[in-house]
2 protein chains.
Amino acid sequence: MSNDKLLQMFLREPGQYVSGEKMSQELQVSRTAIWKQIQKLEAEGYSFEASRRLGYRLLNIPDKLEGAWLESRMETSRFGKLIHIHDTVQSTQIVARDAAENGAPEGTLIIAEQQSNGRGRMGRGWVSPKGKGVWMSMVLRPSVPIHFAPQLTLLTAVALCRSLTRLTGLSIGIKWPNDLLIEGKKISGILLESAAEDERLRYVIAGVGISVNLEQSDYEDGLREKATSLRIASGKPLSRSDVIVQFMQEWEQLYDLYQEQGFGPIITLWEALSISLGKPANLVTPQGTITGIPVGLDSTGAIKIQLDDGSVIPVFSAEMGEPT
Amino acid sequence: MSNDKLLQMFLREPGQYVSGEKMSQELQVSRTAIWKQIQKLEAEGYSFEASRRLGYRLLNIPDKLEGAWLESRMETSRFGKLIHIHDTVQSTQIVARDAAENGAPEGTLIIAEQQSNGRGRMGRGWVSPKGKGVWMSMVLRPSVPIHFAPQLTLLTAVALCRSLTRLTGLSIGIKWPNDLLIEGKKISGILLESAAEDERLRYVIAGVGISVNLEQSDYEDGLREKATSLRIASGKPLSRSDVIVQFMQEWEQLYDLYQEQGFGPIITLWEALSISLGKPANLVTPQGTITGIPVGLDSTGAIKIQLDDGSVIPVFSAEMGEPT
C-alpha cells in the first residue's frame, strides 16, 4: 500500500475524521496495515487524533508545504486560495508572471521549496535554500492606476511585518521602502513587478522571500552580518505553513482596506513600524545622492526627506543608506 | 541578375553614388544590363540621379519600409537608430517586449507592414492593413520612477501631433489622454506598456499606430464615422518613411527635454494641442462616472476635472466621452 494514497484520503477532507473501515475498503488492505501506515506517517512528522468511533483525523503535517492543506487552512476569500507548489524553479516571479499573463485570478500563489535563481531588488540575488524559507509570488490585480503601484510595495511590507511580529513576538522594523529588519539584519525581501497598459495596471506580481528556518551556516560570510532568519533571531524553528497562512490573512485584510479607504491608513501603519524615520540618511538616486532626514510618506508613497535648509522634498526611488 | 543585389549596393551606402563600373564588376554583368535593371527599379517606384562621371545615386524608394534606408535618414541619436521591419506579426508590441526583455537598447524600433492582431487600449482591436499605415513599437528605458509612466503617454501624443501637423498642415487635436483626432475622427492610437520592479521602470514599450494612407474602404461601416486617415483628410497620399523620420525626431527632442526639465514643458504643449479642455465631459472610471469640465493636467499627468460645485479633482484613469 502506498503511503501517498492514505495521505491523500486525509488531505481530500482536511480536518475530517476518516474511519478505519473506509480506509481499509478504499485501499483494499487490512485495518492492521492501515494502523502500521499511520505509525509510519507519524514517524515522518504527521500527527493524528484517533477516535475509536470515528477513526483518524489528520492534525498536523511536517513542515513540508502541501497545497491542498494550505488552501484549506486559509481564512481568506482570495489570497492563497489557489496555490501551486513547485519543488525547484528558477524564480517564482517568472512562474507567477506566466500565470498572470494566462489569466490566473488575483490571489493565485506560486510557492517553491527552492529557487535556483531567486531575485532581489536591482537584479541582486536572493539566498533561497531548500525547505528553509518561504519563497513565493502572488498575482495581484488591483483596481488602482499605475501611479499608485509603489503604495502596494509599502502595503505588502506592513502586512508581512505585522504577521511575523504576531507569530514570533520579535521586534521587527521596516526599512524604507520594504525591507524587514531584526536588530539591523534583513529577514525578508519584497519585490513587486508591475505590468501596465497606459495608466491601467494589468497585474502586479508580488514576490516575497521570508528567511524562516535558515541557520547561520546557510549564509556566506559577507551576508551573515546583514541577514538573519526568524529561527536564528528567536532561537526556535517556525512552521512555514503558519507563516504563510498568517501573512495571507493580514495581507488580504490590509489590501481590502486599501482598496476601500485608500492609502491613508497604510501610511499610518507603515510609519508606526518604520525604523527609517527621524534619522539622517543618504538616498542614492539615479540623479545623485540626497542627504537628509526621512520624516514620513507622502500620499503617493514617496518618502519625504527634510533637507538641511528645512525644506521637505519627496523622493520616489532611491537606495537608502546611512550617511558616510 | 537579381534586382535585389543591385538594390543592396545602393542601400549599403545610402546617399552615395555607385559607379557603373563598380556595379558591373561586382555583379558580373554588362553595363547595359545594369542600365536596364535601373529602369526596372524606376518602374517600381525607386528614383535615381544619374551622373556620367559618378554613376547612380538612389534618391527615393517606393513607400515600402526599408530598415537600413530609414536608419540612415534618422537625424536622432537613439530613437529609430536600430530598426527591425517585419512583414506580418501578431502585434509589434509583443515583438518589442521580447526585444526589451532581451536587452534591446532604448530607441529600438519594431515596425510591421501588417499586424494580424493589432491591439488598442483596453484590449480593443486596431485596424492595421498591409502597407497603409505605420504600425510600430519602440523600446524606451526612461530614468523616471513608475509614478511618472503616464506622463510618457502624454508626451508621445504631443510628439506625434506636432510631427503630423508639421508634415501635413492639417489641424490635429489631442483627446485626453492620447488619441489624435482630425475633425472628431481618430487617426492614430498610442499604447504604452510599462514593466516595473518596485518603483523602477525596467522598460516601456510605446506602441503607435498611424493611419497614413488608409482609404474609406479600409474601414468597416461602424468605424467610418469614428476613424479617418491622413490621406483621407488631406486628399493625398503621404510617405510613411517621412512620417516615421519626422516623428522620431520630434519624439526624441521632447523626450530629452522631459528627462532634463521634467514634465512642466510637456504640460504646456499638451494643453495647447488638446481638444478636451473647457468642454463638459463624462469620465467613466472603475469607481463610477464623473461629470465635469477638464481644465488641465496636474503635475503627475492626471487630468484635472472641475465639478459642478467648483471643486477640482484629479482623475488618473478613465474613458472620456461626451455627456449624454
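## A helix pair and a sheet

In chain B, helix α6(B) passes helix α10(B) in a left-handed crossing, meaning that the near helix is turned anticlockwise from the far one by less than a right angle. This is a predicted model, in which local features need pLDDT of at least 70, side-chain atom pairs count only at pLDDT 80 or more, and totals for chains, interfaces and linings use all residues. Residues are numbered from 1 along each chain as its sequence is written, chains are lettered from A and ligands numbered from 1 in the order written, and side-chain values use heavy atoms, leaving out hydrogens and water.

Helices (H or I, at least four residues) and strands (E, at least two) are DSSP runs, numbered from the N terminus. Here is the helix pair:

| Helix | Residues | Residues in the contact |
|---|---|---|
| α6(B) | 149–168 | B:Leu154, B:Leu155, B:Val158, B:Cys161, B:Arg162 |
| α10(B) | 264–273 | B:Ile266, B:Leu269, B:Trp270, B:Leu273 |

Contact means heavy atoms within 4.5 Å. The axes of α6(B) and α10(B) lie 10 Å apart, at an angle of about 55°. Axes are lines fitted to C-alpha atoms, for helices over the stretch in contact, and angles run from 0 to 180 degrees between N-to-C directions. The two helices are therefore oblique to each other, as angles under 35 degrees count as roughly parallel, over 145 as roughly antiparallel, 65 to 115 as roughly perpendicular and the rest as oblique.

Now to chain A, where five strands make an open antiparallel sheet in the order β14-β13-β12-β11-β15. Strands pair if DSSP finds at least two bridges between them. Four bridges link β12 (residues 288–297) to β13 (residues 303–306) in chain A, and A:Ile293 has A:Gln306 in β13(A) as its bridge partner.
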